[in-house]
Amino acid sequence: MVTLESFLNRLNQVGTLDDLDTAILSLSDELNVEHVVYHSVNSSGDQYAVTTYEPHWVDHYLGSDYARIDPVVQACLRRFHPVDWKRLDWSGKAARNFMQEAVTAGVGNQGFSIPIRGPSGQFALFTVSSKDTDDTWVKYTEEYTRALILASHYVNQKALEIEKGTDQADIVTLSPRETDALTMLALGYNRAQAADSLSISEHTLRVYIESARFKLAAMNTTHAVARAMNQGLLRV
Amino acid sequence: MLRYIYADELETLPRLKAGMFKDRAAQFSQRLGWEVTVDEDGFERDSYDDLNPLYILWERPDGTHGGSLRLLPTTGDTMINDHFTELTEGVKIQSPLIWECTRFCLARGAGANVSSALMLGVLEIGLKSHLDHIVGVFDARMIRVYARVGWGPTVLGTLGTGREAISAGLWPVEQSYRPRLLSKAGISSEVSNHWYGRSFGAIKEQFEAVA
C-alpha cells in the first residue's frame, strides 16, 4: 500500500505558501510520475497554482487561454469524481492539437485528475501526468488512486489553512466519538473489540475512524492514531 | 438505462429532469409527508440541488423517469453534516472517500429492479472513484426497501418515530456486492460498464493515435 509517509510528514511542517510549493513540487518523485499540478480557486475567485510543468508550457497555456479547450478542465470543473484522461473526449480538432502540443512540451501521454470540493464553494484540481505505456498506467492508477485522492485533499486542507492565516490556523478537533474510536485502537483493541466496547457496528466504527483520519491528514489508521496521540487528543 | 448526470448537464434531458423533480415531489411531499419545498412547476428542490450534485437516474424505455438519487462529496456541504449529526453521535462525517446519497426516489409503479439498478449505479461510481463508504439520510421506512435491493445499509441512527422517523445509514463500497446488485437489477456486467462509459467516457487509447 502506498503510504506517502515522508510527504505527509513534510506537509505537516508546512507553514507558508513557499513551503507548500516546495512540498508539492517534491511529490512527483514520491508519486513516481512525470508531473504534478495543484490549482485552487477559493470562494472569492483568487487562484493559486503550483506545477512541475515547464514554465514555457505554462506561459503558452495561459497565453493561449487553453483552459477553454482543455478537455481535462472541461471534465473536472464543478465535478467531484476522479478522472483518467483516457476517458475524456479528445476527438475534436482543437483538443487533438492541444494534446499534441502538450505531449511535445513534455506533459506526458497519460494523466489522472482529481477535482476537490472544499467548504463554501472552494474548488481545486490536482493532476498527475506520466509517459507510461497503457498497461503500466492501468497498474499505476489501480495502485495509487487512493493515495492520490488523500494526498490531494491534504494539500488542499493545508492550502486552506494557510489562506486563513496562522493566528486562525485550525487546531484539529475531533468529536467525542471519533476520540473514543481512536482511543480504543491506541489501547490495542482490534476493530471488532473496539466496536463492541463502544456498542456500535464495525462499519460505524470504520466511518468514525475514516472521518478522524481526514481531519488528522493521515494516510492510514496507524498514522491517524499516532497523530492524534502526538497532538494530545487521546486520553490514554 | 442508468444515467449518471451532474446537475449542470440536466438541461440536456428536459423530460428526465422534470420527471425526477416531480416524482420527488410526489414521493417526499405527498407520500412521505416530509416538509419539503415544491415550486410552481411542481418540482421538489432544495439547496443541495444547487451545489451541482451528481444524479443517478433510471430512464425507462419510453424516455421517462423511473427513479433517481443524488450524490455529493462529504468534503463539501452535505445534508447529514448540516442537519443530522444527531444521527451520527455528533460526528461530522467528512472524507474524500465518503460521499453522501440523498433523495432516493422511485416513480410510481417502478419495480424492485429499479431500486437495485440505482444502487448498482452508486456502487459502480463508488468503486471507480475508490470510495470507502456511502453515507445517506432517508425516511426510516426505506430501510426495508434498501434491504431488498441486495446492498442494505448499516443504520447509524434513527430520530423520531413512525412517519416522522429519519435514519442515517452507511453502505460499504465493496466489489463483493456487485454480482448481487447486477442480478437483482437484471443487468449484465457488460451493460452496466457500457452505461457508465456512456456517461463518463469509455477508456480509449487515443493519445497514441494523436502522438
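Of the 114 residues in the largest nonpolar core, the ones that touch the most other members are A:Ala181, B:Ile56, B:Leu118, B:Val122 and B:Leu181. A nonpolar core here means a set of buried Ala, Val, Leu, Ile, Met, Phe, Trp, Tyr and Cys residues joined through C-beta atoms within 7 Å. A residue is buried if 20 or more other C-beta atoms lie within 10 Å of its own, exposed if 12 or fewer, and partly exposed in between, with C-beta atoms placed from the backbone. H3(B) gives the most to this core, with eight residues; helices (H or I, at least four residues) and strands (E, at least two) are DSSP runs, numbered from the N terminus. Domain 1 (5–167) and domain 2 (176–230) of chain A both contribute residues, so the core lies between them; the domain bounds come from an automatic or database domain assignment.

Before going on, please keep in mind that this is a predicted model, in which local features need pLDDT of at least 70 and side-chain atom pairs count only at pLDDT 80 or more, while totals for chains, interfaces and linings use all residues. Residues are numbered from 1 along each chain as its sequence is written, and chains are lettered from A and ligands numbered from 1 in the order in which they are written.

Now look at H3(B) itself. Of its 17 residues, 13 are buried. Its end C-alpha atoms are 25 Å apart, which agrees with the 24 Å that residues 112–128 should span at 1.5 Å a residue; the expected span is 1.5 Å times one less than the number of residues. Just after this helix, B:His130 takes a positive phi of about 55 degrees.

Back in chain A, what does A:Ala181 touch, leaving aside its neighbours within four places in sequence? A:Ala181 is in contact with A:Ala194, A:Leu198, A:Leu205, A:Tyr208, A:Ile209 and A:Ala212, where contact means that the C-beta atoms, placed from the backbone, lie within 7 Å.

Chain A as a whole has 11 helices and five strands, and 40% of its 236 residues count as buried. One of the buried residues is A:Asn109, with 23 C-beta neighbours inside 10 Å, in the loop between H6 and S4 of chain A.

Finally, the two chains meet: 37 residues of chain A are in contact with 36 residues of chain B. On the side of chain A that touches chain B, H10(A) gives the most, with seven residues.
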